[in-house]
Amino acid sequence: MMSRALQLAKQGLYTTRPNPRVGCVVVKEGKVIGEGWHQRAGEPHAEVHALKQAGAAAKGSTVYVTLEPCSHFGRTPPCADALVEAGAAKVIIAMLDPNPLVAGSGKKLLQQQGIDVEVGLLYGEAYQLNQGFCQRMTIKRPLVRCKLAMSIDGRTAKASGESQWITGSAARADVQQWRARSCAVITGVKTIIDDDAALTVRSEQLHIEAAKACPPPLRVVVDSQLKIPVSAKIFNGAGKVLVATTCKEPNAISRIEKLGAEVVVFNDTSTTGSVSGDNSNQRVPLDLLLNYLAEHCHCNEVMIEAGSTLAGAFTKAGLVDELIVYMAPVIMGHEAKPLLTVFDMPKMADNIALEMRDVRQIGRDWRMLIQPINKLS
């Protein structure tokens with residue numbers, strides 16, 4: 001029953017942000033009498049849908065829910081109250097809600113009303129489904145994925161900068177699914193200048209209907225000196241644009257803000273990863289940028305789609321939770337650009353240990369999901 005609840009929760013993979021994905025199953029006398037899942041932020045939660053389907057039969061039932069029922073008023077009433085009013089006899093919860101507004105209070109409320117509560121069934125699966133939300137609530141940082149595309153000899157672009165296209169159409173369409181589920185997509189100003197990337201979700205390439213209904217992700221450009229051209233395509237696509245910089249020049253900031261973008265100015269005070277994207281000495285602190293995206297933009301999951309320098313800086317700083325690497329069956333030669341530019345790793349002890357979590361063929365290419373060993377959950 002909890003597996004079914006998790007299956008339901010996954011239907012909200014693209015549409016619930018910034019809320020978590022939650023599924024619920026109501027069972028009585030061994031039969032499912034109600035199912036529901038959280039479909040979109042601001043709309044009824046999973047428990048409400050499931051209880052509505054169950055109706056009066058919910059009295060005396062056992063309820064399976066993937067995340068602790070909320071106990072506070074947000075945009076919707078508390079789900080814990082709804083379970084009490086419906087007369088549920090037992091509630092089995094996969095994991096407690098890390099949101100400080102809940103954090104065990106939903107469980108406590110149910111118990112105070114005489115409802116039997118169990119916690120922990122399929123916890124690992126429930127956590128994986130909402131890892132970004134959990135990280136935002138606990139360490140104030142989103143789940144970070146880094147998307148990379150390379151040749152079989154580990155190259156990402158010709159020495160001239162030419163890179164379109166290394167992978168085939170199937171792999172590029174697969175990237176759109178990952179982009180669609182992300183709250184934000186991060187790139188560097190050099191990628192904008194070289195490729196004029198818009199970083200929008202291309203709905204015509206989405207093969208999952210729910211993904212077509214997702215809100216557009218925030219597009220983030222790391223640009224320490226505000227060198228981004230005002231004619232860049234990224235200012236014209238759907239969704240908001242945020243430019244992260246260390247430049248404090250009012251005219252340069254105003255130039256970008258007039259295009260409708262948000263400019264966030266950081267001081268170079270971080271010791272955990274920074275990158276300039278050019279030859280300046282000023283660097284955008286990457287850890288503080290992620291903190292900002294979590295706290296102010298409510299980002300649960302972000303995806304890096306950038307060149308080797310910015311991707312390498314995030315990876316070297318230990319800020320990447322998962323690498324999504326597409327490998328094309330082509331050879332580009334030793335003069336082409338590397339997958340990641342990571343400095344100051346002269347010894348074998350400096351190596352970043354990784355673990356392959358999934359490998360599968362996508363069209364003519366291969367997709368590898370890889371996690372740094374210290375990020376394994």
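**Figure 1. Salt bridges between domain 1 and domain 2.** One salt bridge is counted between domain 1 and domain 2; a salt bridge is a side-chain nitrogen of Lys or Arg within 4 Å of a carboxyl oxygen of Asp or Glu. The side chains of Arg21 and Glu301 meet in a salt bridge, at 2.8 Å from N to O. This is a predicted model, in which local features need pLDDT of at least 70 and side-chain atom pairs count only at pLDDT 80 or more, while totals for chains, interfaces and linings use all residues. Residues are numbered from 1 along each chain as its sequence is written, and side-chain values use heavy atoms, with hydrogens and water left out.

**Figure 2. The contact between the two domains.** Domain 1 covers residues 1-131 and domain 2 covers residues 140-372, with bounds that come from an automatic or database domain assignment. Their C-alpha centres lie 35 Å apart. Ten residues from domain 1 and 17 residues from domain 2 take part in the contact, where contact means heavy atoms within 4.5 Å. The two domains bury about 1,100 Å² between them, and 52% of it is on carbon and sulfur atoms. Buried area here is the accessible area (1.4 Å probe) that two parts lose on being put together, summed over both. On the domain 1 side, Tyr14, Arg17 and Gln131 lose the most area to domain 2, together 59% of what that side buries.

Figure 3. Strand S8 (residues 184-188) is largely enclosed by the rest of the structure, because five of its five residues are buried. Buried means under 20% relative accessible area, exposed means over 50%, and partly exposed is in between (1.4 Å probe, protein chains only). Strands (E, at least two residues) and helices (H or I, at least four) are DSSP runs, numbered from the N terminus. In a regular strand the side chains alternate between the two faces of the sheet. Ala184, Ile186 and Gly188 point one way from S8, and Val185 and Thr187 point the other way. Two strands pair if DSSP finds at least two bridges between them. Five bridges join S8 to the parallel strand S9 (residues 218-222), where Val221 is the bridge partner of Thr187. Three bridges join S8 to strand S14 (residues 301-304), also running parallel, and Ala184 stands opposite Val302 in S14.

Figure 4. Side chains of opposite charge can pair when their charged atoms come close. Arg181 and Glu301 meet through their side chains in a salt bridge (3.1 Å, N to O). Arg181 lies in helix H7 (residues 169-181) and Glu301 in strand S14, so the pair ties together parts that are 120 residues apart in sequence. Arg181 is buried at 13% relative accessible area, and Glu301 is buried at 3%. Salt bridges that share partners join Arg21, Arg145, Arg181, Glu301 and Glu322 into one network.

**Figure 5. The salt bridge of Glu35 and Arg4.** The structure holds 15 salt bridges. In one of them, the side chains of Glu35 and Arg4 meet at 2.9 Å, N to O. Glu35 is in strand S2 (residues 31-37) and Arg4 in helix H1 (residues 2-9), 31 residues apart. Glu35 counts as partly exposed at 22% relative accessibility, and Arg4 counts as partly exposed at 31%.

**Figure 6. The surroundings of Glu47.** Glu47 has its place in helix H2 (residues 46-54). At 3% relative accessibility, Glu47 counts as buried. Leaving aside neighbours within four places in sequence, Glu47 is in contact with Cys24, Val65, Leu67, Pro69, Cys79 and Leu83.
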